[in-house]
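Open the model in your viewer and keep the selection tool ready. We will go from one stop to the next.

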Amino acid sequence: MTMTAAPATTSPPAPAPAPGAGRRSSGARTAAWVTAMTAVLVASITLAVVIGSADIAPLDVWRSIGDHLELTSSSLSQLRDGIVWELRLPRVLTAAAVGAALALCGAVMQTLTRNPLADPYLLGLSSGASVGAVAVLVLGVGWLGLPVAAFAGALLALVVTFALANRRGELAPTRTVLAGLAVSYLCSAATSFVIFWSATGDSYREILSWLLGSLGGASWTDTAIVTVALVVVGTALVSRSRTLDAFAFGDSTASTLGIDVNVTRWTLLTLVALLTGAAVAVSGAIGFVGLMLPHAVRFVVGAGHRRVLPLSALAGASFMIWADTLARTLFDPRELPVGVVTAFLGAPAFAVLLRRRKVGR
Amino acid sequence: MTVTESPVRSPAAPADESSTLRVADVSWSADGTLIVDGVSLAVRSGTLTGLLGPNGAGKSSLLRAVGGTNRPDGGVVRLGDDDLLAMRRRDRARRVAVVEQESTTDVPLRVLDVVLLGRTPHRAGDSDEALALDSLDTVGMRELADRDWHTLSGGERQRVHLARALTQQPRLLLLDEPTNHLDIHYQLALLGFVHDLGVTSLAALHDLNLAAAYCDEVVLLRDGRVAAAGSPRDVLVPEVIRDVFGVDCDVHPHPRTGRPVLTFSPLSG
């Protein structure tokens, strides 16, 4: 049964070709992309650990990893092993996890708000998380308190941004970004104030690292915090891929497909705030990663979330590794806040998105 | 304005009540204004009923109330033995598919992704993609499965939405002005197709002649109430049309199908 007009109508549409002709299974294509991006990530991790003032060979990286996992026993010098295992590897892996987390958060936020400009940084979540993190640092609680407070800050910032932007149940993209900006400024001011008020030493550096992000001094604990959040929240988000696809055509269509739109939106946004909180707790507020990479991925593989979410995470991880590598080597031995690097690349991307049709409402 | 073709309905199916839609005394109001006012209607299992009426008569609102997007103030909606309003959204979406007016998106989804949305309320399975491709085949769009949504014309988009609705494997299909912005070929094709589908369908329509040509029954709404209901031949008569739409009309039998064809003229005194 094909859909053609009633008998007397002249030419019906051309008949469909034989089933399966010219189609590659989308699963195979996705797998190819995931494999390629994973390879890029592994290469990025290896190279980023190698790059720096000490003389490390690519193979040393894997020797050190092998030794510590007790899979190999090589004769790597203690100095080199220390540089790889204690200094560079936790930093590079934390960068990867933070980049993956932010890109994933951006992709999900853009879908749930139907706003191509949505991103944890632009909507104020990152700054909110910074305030939470800085506040508990001043109060001096253990390492678990940090991500929890950052999560609370991110969630609060999200609620305030949406409350400011909401007009008759609609979140117009431009108004949402402006509301996010207002929240972001307020939270940044609060962060700076708290640090300045409490600190004794080099408060400017610390303020910079919270407001613009820094992965300097990242430890294995940091790696663990972000990675655990990434795996738990990332799995939950990827398992909701089809639900996220349904949001593309708006709330009403999503609802007719059996989705409880409001419950789903707030559940997933809470997960996004959780993941943002974890990322910000270890790296400060790094901008534009969540904005750019999902768009780049959609441009290449389309908007289906089964492809967009894993690939955004992988692309975000590699991207952040290189952004951080630039940040620490460009003015070696001084370090540039990593957010400066991402903003150089991300702000033009933001401008391009802003110029696109349908955003400037 | 005439429609020249009408499908010949296959002999009446045995009286199967399992997918008969029964709407009883459904009301819905927005911001304190009653939009749908105690509507009752029935759509026999496997038939197509047209929902007609002037702008603002409450056609879309009634469809949304039946589909559960608008929570009715009162009334009962049953599909066979199932109470559609009492069940969970997801269970309802397994039984009822909705094709909305001009539903579109900014994101670059592929056609196949859009059609696969029809599997949202169902448990994910290996046959989902095959099912989606079959639906695309049915609406004559299979070769466009990998195209970007934004490259499609209005008619193609509407057919993709129909394929998505079919992929939902519904027992009830609700369509809101499905022929809007389609050229005459696809207007006839789409309604003829929905008619022949054998799925219980309720479609809000603007064009009375399209309704007369393809619907098994029509329901005429005015101010949120049922003004008339029955076969097109019984309902689409000059007195009723004048009463509801405020225009004069002449009704002729279609030269090929014998179905009513309406020609309109302004009210003469």
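Helices (H or I, at least four residues) and strands (E, at least two) are DSSP runs, numbered from the N terminus. This is a predicted model: local features need pLDDT of at least 70, side-chain atom pairs count only at pLDDT 80 or more, and totals for chains, interfaces and linings use all residues. Residues are numbered from 1 along each chain as its sequence is written, chains are lettered from A and ligands numbered from 1 in the order in which they are written, and side-chain values use heavy atoms, without hydrogens and water.

**Stop 1: the annotated domain**

Select residues 21-248 of chain B. An unreviewed UniProt entry annotates them as "domain: ABC transporter". UniProt positions follow the numbering used here, feature names are shortened, and annotations may be inferred rather than shown by experiment. This stretch is 35% helix and 27% strand, and its end C-alpha atoms are 32 Å apart.

**Stop 2: the open sheet**

Stay in chain B. Six strands form an open, mixed sheet in the order β6-β7-β8-β3-β9-β10. Two strands pair if DSSP finds at least two bridges between them. The edge strands, β6 (96-99) and β10 (225-230) of chain B, each pair on one side only. Now pick β3 (residues 48-52) and β9 (residues 217-222) of chain B: they run parallel, joined by four bridges. Which residue of β9(B) is the bridge partner of Leu52(B)? It is Leu220(B).

Next, show helix α1 (residues 59-67) of chain B. This helix packs on the sheet, touching β3, β7 (172-176), β8 (200-204) and β9 of chain B. Contact means heavy atoms within 4.5 Å.

**Stop 3: a hairpin**

Select β1 (residues 21-30) and β4 (residues 74-79) of chain B. They pair in the antiparallel sense over five bridges. Leu21(B) has Leu79(B) as its bridge partner in β4(B). Strand β5 (residues 82-83) of chain B runs antiparallel to β4(B), with two bridges. Two residues lie between the strands of this β4(B)-β5(B) hairpin, and Gly80(B) takes a positive phi near 60°.

**Stop 4: two helices in chain A**

Select α5 (residues 145-165) and α6 (residues 173-198) of chain A. Their axes come within 8 Å and cross at roughly 135°. Axes are lines fitted to C-alpha atoms, for helices over the stretch in contact, and angles run from 0 to 180 degrees between N-to-C directions. Therefore α5(A) is oblique to α6(A). Angles under 35 degrees count as roughly parallel, over 145 as roughly antiparallel, 65 to 115 as roughly perpendicular and the rest as oblique. Residues in the contact include Ala157(A) and Val160(A) of α5(A), and Ala179(A) and Val183(A) of α6(A).
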